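I opened the notebook for a single chain today. The plan was to take the overall fold, then one residue.

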Amino acid sequence: MTNILIVDDDPAVSEVLSEIVDTYGYKAVLASSAKEAASVLVKGGIDLILLDLSMPEITGDQFLGFIRKRGFRVPVVVVSARVEPDKEAELRASGISGVVLKPFEVAEVIDEMERALQSR
């Protein structure tokens, strides 16, 4: 089974993403903070990360930098309310696979997830 780690501090967004992931035959693993996500990631078995950028304590950007420095090459799709073009270019240089803007359509999430999973 393909495991998708959803990292978002908003329970409503996490729930919707989890429903999408589960409906399309993947297994959703939830983390409400970057710290929680790091402990899940270290255990292994994560095939894709859906990552919010705007989180308290450790932002999505910082988490992305942390996992890349530690050598994790898991595909990452950013799911955020706002990503400026220069920010997106910076994130892509850091190795993200795609961006989905909130509010999102189910098809957008599925398309980006599948594209990222195929690129592994």
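Which pattern does the protein chain follow, read along the sequence? I read it off as β-α-β-α-β-α-β-α-β-α. That comes with 5 helices and 5 strands. I noted that this is a predicted model.

**Burial and surface.** I found that 48% of the 120 residues are buried. The accessible surface comes to about 6,300 Å². Carbon and sulfur atoms account for 52% of that surface.

**Contacts and charges.** I took the contacts between residues at least 6 apart in sequence. Of these, 61% join residues at least 24 apart. For charge, I have 13 positive and 20 negative. Their mean positions are 10 Å apart.

**Leu53.** Leu53 sits between β3 (48–51) and α3 (60–69). Is Leu53 buried or exposed? I logged a relative accessible area of 10%; Leu53 counts as buried because that is under the 20% cut-off.

I listed its contacts, leaving aside neighbours within four places in sequence. Leu53 is in contact with Thr59, Gly60 and Asp61, and also with Val78, Val79, Ser80, Val83 and Leu91. Last, I looked up the pair Leu53 and Pro103. They are 50 residues apart in sequence. In space, their C-alpha atoms are 14 Å apart.

Key. Residues are numbered from 1 along each chain as its sequence is written. This is a predicted model: local features need pLDDT of at least 70, side-chain atom pairs count only at pLDDT 80 or more; totals for chains, interfaces and linings use all residues. Side-chain values use heavy atoms; hydrogens and water are left out. Helices (H or I, at least four residues) and strands (E, at least two) are DSSP runs, numbered from the N terminus. Buried means under 20% relative accessible area, exposed over 50%, partly exposed in between (1.4 Å probe, protein chains only). Contact means heavy atoms within 4.5 Å. Accessible areas come from the Shrake-Rupley method with a 1.4 Å probe; for residues, only the protein chains shown count as cover. Lys and Arg count as positive and Asp and Glu as negative; His and the chain ends are not counted. The place of a charge is taken as NZ of Lys, CZ of Arg, CG of Asp or CD of Glu.
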